[in-house]
Amino acid sequence: MNTQRLTAAQTEQAAEILRRGGLLGIPTETVYGLGANGLNSEAVAHIFEAKGRPQDNPLILHIPTADWLERYCADIPAAAYALAERFWPGPMTMILKRKPIVPDAVTAGLDTVGMRCPAHPVCRAIIAAADLPVAAPSGNTSGRPSPTNMADMLEDMDGKIDGIVDGGPCAVGVESTIIDLTEQPPRLLRPGGITLEELEEVLGEVAVDPAVTRLMGAGEQPKAPGMKYRHYAPKAPVTVVRGAPADAARYIRRHLTDGEGVICFNEFVPLFEGHPVEPIGPKDDVAEQARRVFDALRYFDGTDVTHIWAQCPDPAGIGLAVSNRLNKAAGFHIVDAT
Ligand code: TXA
Ligand code: MG
């Protein structure tokens with residue numbers, strides 16, 4: 001299939017692709033998504049085919065405003081409206097009980113559904129024009145790092161989708177925060193663009209799903225089915241080095257051998273001369289690190305490095321999301337610098 005390139009101004013053509021049951025690459029503020037009409041099971045099935053996504057991994061429904069929640073969700077708690085008021089439109093997904101109108105194809109048969117109201121103006125214009133809830137996972141081939149610009153998404157999806165809209169590079173760079181409101185206390189299933197600290201300001205106590213910070217054991221099930229898969233992973237194995245930035249950089253310098261690559265903070269690039277290096281931003285600019293992390297992981301797939309060493313920010317603020325993505329890319333293979 002010929003994948004049509006659309007500009008940000010061609011929202012009507014983009015909406016038409018969704019209305020007729022096609023697959024559309026959509027920019028959002030977090031990452032690019034692979035969208036389809038969320039009420040059309042057949043269109044949704046094509047998302048799983050294009051990504052090679054496991055059938056048991058449910059999709060998020062994207063809506064234009066919080067008042068669409070009632071159409072698709074049941075027993076909505078007051079906390080959902082409080083979160084929507086504070087963080088929507090924006091990088092936060094809520095897990096709520098679903099209504100029967102939501103196809104099983106979207107929820108993978110669960111009795112809950114993930115709901116998100118995105119902030120990217122182009123994304124919002126497309127959803128409004130289509131007048132549909134849009135089911136959309138990240139626009140990568142399953143297991144690869146999420147795409148944060150149109151070129152990265154085309155690398156995985158050119159020829160497999162009907163169209164893609166260029167909305168520029170993503171402002172957040174990591175996916176939405178997923179908060180499960182069907183449990184008490186609410187549970188953080190995936191850290192993302194809205195921080196745990198911000199959620200706690202609205203919700204009080206928030207439980208953190210163990211899958212956020214460690215590898216799941218053989219018998220364990222994370223609450224978000226997607227968190228159990230090896231993810232975001234480049235072809236070469238990754239080792240995350242934890243510790244103060246200068247210590248971690250020195251540790252990597254000492255252990256680095258020929259043919260190995262490095263993901264590091266900008267300040268330490270000169271230490272690794274002669275090796276493929278991807279800087280992810282200044283050590284104190286974690287928002288920039290979030291924007292760069294997926295591109296850095298993706299970069300190494302175009303090289304023949306045998307191993308990747310990565311520096312990692314502290315797990316505070318959006319650093320929790322950045323460290324989660326790096327740790328997952330490493331299969332939680334983490335060493336301490338000291
Ligand atoms: O920022 C984002 O959320 C992006 C953009 C495109 O909106 N989307 C995204 O979708 O990251 P995806 O499919 O790559 O990740 C969705 C995650 C998966 O881990 C999935 O298992 C989980 O959300 N999920 C979806 N519905 C769920 C549900 N009902 N219960 C628990 N987890 C759910
Ligand atoms: Mg994804």
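Ala108 touches Gln55, Asp56, Asn57 and Pro58, leaving aside residues up to four places away in sequence; here, contact means heavy atoms within 4.5 Å. Ala108 sits in the loop between helix H5 (104-107) and strand S7 (112-116). Helices (H or I, at least four residues) and strands (E, at least two) are DSSP runs, numbered from the N terminus. This is a predicted model, in which local features need pLDDT of at least 70 and side-chain atom pairs count only at pLDDT 80 or more, while totals for chains, interfaces and linings use all residues. Residues are numbered from 1 along each chain as its sequence is written, chains are lettered from A and ligands numbered from 1 in the order in which they are written, and side-chain values use heavy atoms, with hydrogens and water left out.

**The chain as a whole**

- You will find eleven helices and 17 strands in the chain. Its radius of gyration is 19 Å, close to the 20 Å that the globule rule gives for 338 residues, so the chain is as compact as a globular protein of that length. That radius is taken over C-alpha atoms, and the globule rule is 2.2 Å times the number of residues to the power 0.38.
- The C-alpha trace spans about 55 × 50 × 35 Å along its principal axes.
- Of the 338 residues, 58% are buried. Buried means under 20% relative accessible area, exposed means over 50%, and partly exposed lies in between (1.4 Å probe, protein chains only).
- Among contacts between residues at least 6 apart in sequence, 66% join residues at least 24 apart.
- The mean positions of the 31 positive and 43 negative charges are 2 Å apart. Lys and Arg count as positive and Asp and Glu as negative, with His and the chain ends not counted; each charge is placed at NZ of Lys, CZ of Arg, CG of Asp or CD of Glu.

**Helix H7**

- Six of the eight residues of helix H7 (residues 150-157) are buried, so the helix is largely enclosed by the rest of the structure. Those buried residues are Met150, Asp152, Met153, Leu154, Asp156 and Met157.
- They pack against several elements, among them strand S1 (4-6), strand S3 (33-37), helix H2 (41-51) and helix H10 (286-299).
- At the start of H7, a side-chain oxygen of Asn149 comes within 3.2 Å of the backbone nitrogen of Ala151.
- After H7 comes Gly159, with a positive phi near 90°.

**Gln289 in helix H10**

- Gln289 belongs to helix H10 and is buried, with a relative accessible area of 0%.
- Leaving out residues up to four places away in sequence, Gln289 touches Phe265, Ile280, Gly281, Pro282, Lys283, Asp284, Pro313 and Val322.

**Backbone features to look for**

- Most residues other than glycine have a negative phi, and most peptide bonds are trans.
- Trp88 and Pro89 are joined by a cis peptide bond, with omega about -10°. Pro89 lies in the loop between helix H4 (78-87) and strand S6 (92-98) and is partly exposed, with a relative accessible area of 42%.
- Beyond residues up to four places away in sequence, Pro89 touches Cys117, Pro118, Ala119 and Arg124. Pro89 and Pro64 are 25 residues apart in sequence, and their C-alpha atoms are 8.2 Å apart in space.
- The peptide bond from Gln184 to Pro185 is also cis, with omega near -5°. Pro185 is in the loop between strand S10 (177-180) and strand S11 (187-190).
- Ala108 has a positive phi, near 55°, although it is not a glycine. Ala108 counts as partly exposed at 29% relative accessibility, and its C-alpha atom is separated by 28 Å from that of Lys235, 127 residues apart along the chain.
- Asp131 has a positive phi near 55°. Asp131 is placed in the loop between helix H6 (121-130) and strand S8 (134-135), and at 52% relative accessibility it counts as exposed.

Notes
A polar contact is a pair of N or O atoms within 3.5 Å; within protein, one must be able to donate a hydrogen and the other to accept it, and residues adjacent in sequence count only if both atoms are side-chain atoms.
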